[in-house]
Amino acid sequence: MNHRSWMRSQGFTSEVFDGRPVIGIATTWSELAPCNVHLHRVAESVKRGVWQAGGFPLEFPAMALGETLLRPTAMLYRNLLAMEAEELIRANPLDGVVLLSGCDKTTPGLLMAAASVGLPAIMVTGGPKLNGKYQGTDVGSGTAVWRWEEDLLAGRMTQEECAFAEGCMSRSDGHCMTMGTASTMASMAEALGMQLPYSASWPAVDSRRYETAQRAGQVIVDLVEHDVTPAQIMTRAAFENAIRVNAAIGGSTNAVVHLLAIAGRLGVPLELGDFDTLIRDVPTLVNLQPSGKYLMEDFCYAGGLPAVMRELGGLLHGDALTVTRRCVAENVRDAPCWNRDVIMPLAAPFQPAGSGTAVLRGNLAPDGAVIKQSASSAHLLKHRGRALVFDSPEDYHAVEADPDLDVDEDTVLVIRYCGPKGYPGMPETANVPLPAKLLKRGVRDMVRICDGRMSGTAYGTVVLHVAPEAAAGGPLALVRTGDWITLDVPARTLSLDVPDDELAARRAAWTPPPPAASRGWTWLYTKHVQQADTGCDLDFLTGGSGHQVGRDSH
Ligand code: FES
């Protein structure tokens, strides 16, 4: 009576307590997360589907992480969202859960939570914005910002033009509509089998986004009735599919840390090296910004992710189970492609096999680093240059406009102390703009190396996720301005050309930076966060605890 009576305050009739499945709808809606601001409307469509299928839907909030507003970085809070959602799903009397996400970290955060609880779950991402339109051309979220920032610095664009362009870029609900991290992670959720086919690409304002949400409401009731859990769907085969799909779509490097973290919650063996070996025979098929030309709206009209997965055919595990309770091959068997300039055929791809994310190792990154080859300049993939070192992006920004900065196009910019412990939270600071004096000379790219991340909407020859990070005593902390660094992507190496005895002397003189915080979440995070090569989860959050709370009294 306690449980029923209090719920009756919301005006439910007594039939809802007849034992039907109780479906939680975890929504990351917030006006502070503009990419997710429409999710309360998406939730209404999910509820329709749950009611239709004989379930009892109950919506509840989970932390909304808005990429553009949270400081120092939304990544600092991904694990907190995962922790909060996990406990809410477990502590409430739910039989299944629908996960509503959109902006970058909300998708992996909720998948990590659902993986650790183990109740039946389905994801519904909020969908991309409509294509940005400026001066008669399409402009992509984020990707255009980096270009306009460079154009502004180089004097090719005025402040007034920039201010007008802002509104043209973001003209509807939805997350970034380039193949940035949000679109990538939505595609990863679909490739993993955790959201319905086509879910990743319907624009946020398209009626079919809401139709899909309603369908997801029906499907979660079916998953509960058949007790299909995330662990049955997100298997090693599903992760291999996701990694290969990420290469085919030219997806974000952020997928590396997020997929590693989700796998860690399930005990699925997945290593950084898998991201390199699994993609060597996978070409990039999708011609989307930042690697290519088009945007998510075009991707949707061209056939979306099912068309890509059908094209990949035997490169995927077709027998992997999905939330439809059918396997991947069945889901995509008849998926049409309507535009071969957006989704190219396997036989004539957009970029050749092996041009996706590469994993580098060497004395500068003993535990690995990554580089997005498709967003890099071909002539810089083998490069030797002298380091110009900065201990923070702020230190670099203070001098980037200096006309006397001692830098040329062969210089290797090193931006460090940007890792999970260092900044803290591993922000997207790696793709710093080029020095103004080089931009004015027409230089458009140079090698940058960082222990932080890069926005999925960004481009450039940028080595990311260097592990161990500088703040954890990684060799990146020992580099000095003027040292020679060799990047050899074909050989998958990143080397600091300094003798071992000299490095040992520098290490003896190195002192770790003071902790970023002495209390609260940031203290807990920096004390327990793991390095990028294992996904940046907290060490005590890996694995799962099931869906019972201690001695369950309900
Ligand atoms: Fe939210 Fe890009 S800022 S998806």
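1. Tyr417 is found in the loop between strand E10 (412-415) and helix H17 (436-440); helices (H or I, at least four residues) and strands (E, at least two) are DSSP runs, numbered from the N terminus. Tyr417 is not a glycine, yet its phi is positive, about 65°. With a relative accessible area of 15%, Tyr417 is buried (buried means under 20% relative accessible area, exposed over 50%, partly exposed in between; 1.4 Å probe, protein chains only).

2. This is a predicted model, in which local features need pLDDT of at least 70 and side-chain atom pairs count only at pLDDT 80 or more, while totals for chains, interfaces and linings use all residues. Residues are numbered from 1 along each chain as its sequence is written, and side-chain values use heavy atoms, with hydrogens and water left out.

3. The loop between E10 and H17 also holds Pro424. The peptide bond from Tyr423 to Pro424 is cis, with omega near 5°. Another cis peptide bond joins Arg71 and Pro72, with omega about 0°. Pro72 lies in the loop between strand E2 (56-61) and helix H3 (78-91).

4. Cys536 has a positive phi of about 60° although it is not a glycine. Cys536 lies in the segment after helix H19 (520-528) and counts as buried, at 1% relative accessibility.

5. E10 is covered on both faces: Val412 and Val414 are buried on one side, Leu413 and Ile415 on the other. In a regular strand the side chains alternate between the two faces of the sheet.

6. E10 pairs with strand E9 (residues 382-390) in the parallel sense over four bridges; two strands pair if DSSP finds at least two bridges between them. Three bridges join E10 to strand E11 (residues 448-450), also in parallel. Leu413 is the bridge partner of Leu388 and stands opposite Arg448 in E11.

7. Helix H10 (residues 236-249) has 14 residues and should span 20 Å at 1.5 Å a residue; its end C-alpha atoms are 20 Å apart, which agrees. The expected span is 1.5 Å times one less than the number of residues. H10 is followed by Gly250, whose phi is positive, near 65°.

8. Twelve of the 14 residues of H10 are buried, so this helix is largely enclosed by the rest of the structure. Among them are Phe239, Glu240, Asn241, Arg244 and Asn246. The buried residues of H10 pack against helices H7 (181-192), H9 (230-233), H11 (254-266), H12 (274-277), H14 (304-312) and H15 (328-332), where contact means heavy atoms within 4.5 Å.
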